[in-house]
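Take a look at the structure below. This report covers a sulfur bond, some aromatic rings and a charged side chain.

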Amino acid sequence: QVQLVESGGGLVQAGGSLRLSCAASGRTRSGNAMGWFRQFPGKEREFVAAINWAGTTYYRDSVKGRFTISRDNAKNTVDLQMNNLKPDDAAVYYCAAEYFGSMRATPSLNPEAWRLWGQGTQVTVSS
């Protein structure tokens, strides 16, 4: 049974940085994509960033230039470096993994297309 475990959330002042990490325990499928999503209270989960097995990255427009996703395929980990955080970034952040057909496939931005999820980590940004 593969599990995703996130770490690195917390409280930061606006303009500060946090680094989220996600580690997959157990045997994961080679070629999968990994991603980060977030959820605001009372809202649906939304796409933040994703990276396919080949290393191509994808971001939602509001985080481009501020967030960087990276992965280590050998260690089955994915990180999200978040810089210049804004109060609007405060949410619960979730790590996800899914296989989209090939190592170079473009991952879906729809959270319903991802089947493996972590438990979530809270990010709070004070103004």
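C22 is buried in this predicted model. Its relative accessible area is 1%, which falls under the 20% limit for a buried residue. C95 is buried too, at 0% relative accessibility.

These two cysteines form a disulfide, with their sulfur atoms 2.1 Å apart. A disulfide is a covalent bond between the sulfur atoms of two cysteines. A search of the whole structure finds one. The torsion about the S-S bond of C22 and C95 is about -75°, so the disulfide is left-handed. C22 belongs to strand β3 (residues 18–25) and C95 to strand β9 (residues 91–98), so the bond ties together parts 73 residues apart in sequence.

Now the rings. The structure holds five aromatic pairs. One of them joins Y94 and W117: the ring centres are 6.4 Å apart and the planes stand at 85°. An angle over 60 degrees counts as edge-to-face, so this pair is edge-to-face. Y94 sits in strand β9 and W117 in strand β10 (residues 116–117), 23 residues apart. Y94 is buried, with a relative accessible area of 13%, whereas W117 is partly exposed at 23%. Ring pairs link both into a cluster with F37, F47, F100 and W114.

Which residue lies over the face of Y94? It is R45. The charged end of R45 also sits over the ring of W117. The table gives the distances.

| Charged residue | Ring | Distance to ring centre |
|---|---|---|
| R45 | Y94 | 3.6 Å |
| R45 | W117 | 4.6 Å |

Definitions and conventions. Residues are numbered from 1 along each chain as its sequence is written. This is a predicted model: local features need pLDDT of at least 70, side-chain atom pairs count only at pLDDT 80 or more; totals for chains, interfaces and linings use all residues. Side-chain values use heavy atoms; hydrogens and water are left out. A disulfide is a pair of cysteine sulfur atoms within 2.5 Å. Helices (H or I, at least four residues) and strands (E, at least two) are DSSP runs, numbered from the N terminus. Buried means under 20% relative accessible area, exposed over 50%, partly exposed in between (1.4 Å probe, protein chains only). Rings of Phe, Tyr and Trp (its six-membered ring) pair if their centres lie within 6.5 Å; planes under 30 degrees apart count as stacked, over 60 as edge-to-face and the rest as tilted. A charge sits over a ring if NZ of Lys or CZ of Arg is within 6 Å of the ring centre and within 35 degrees of the ring normal.
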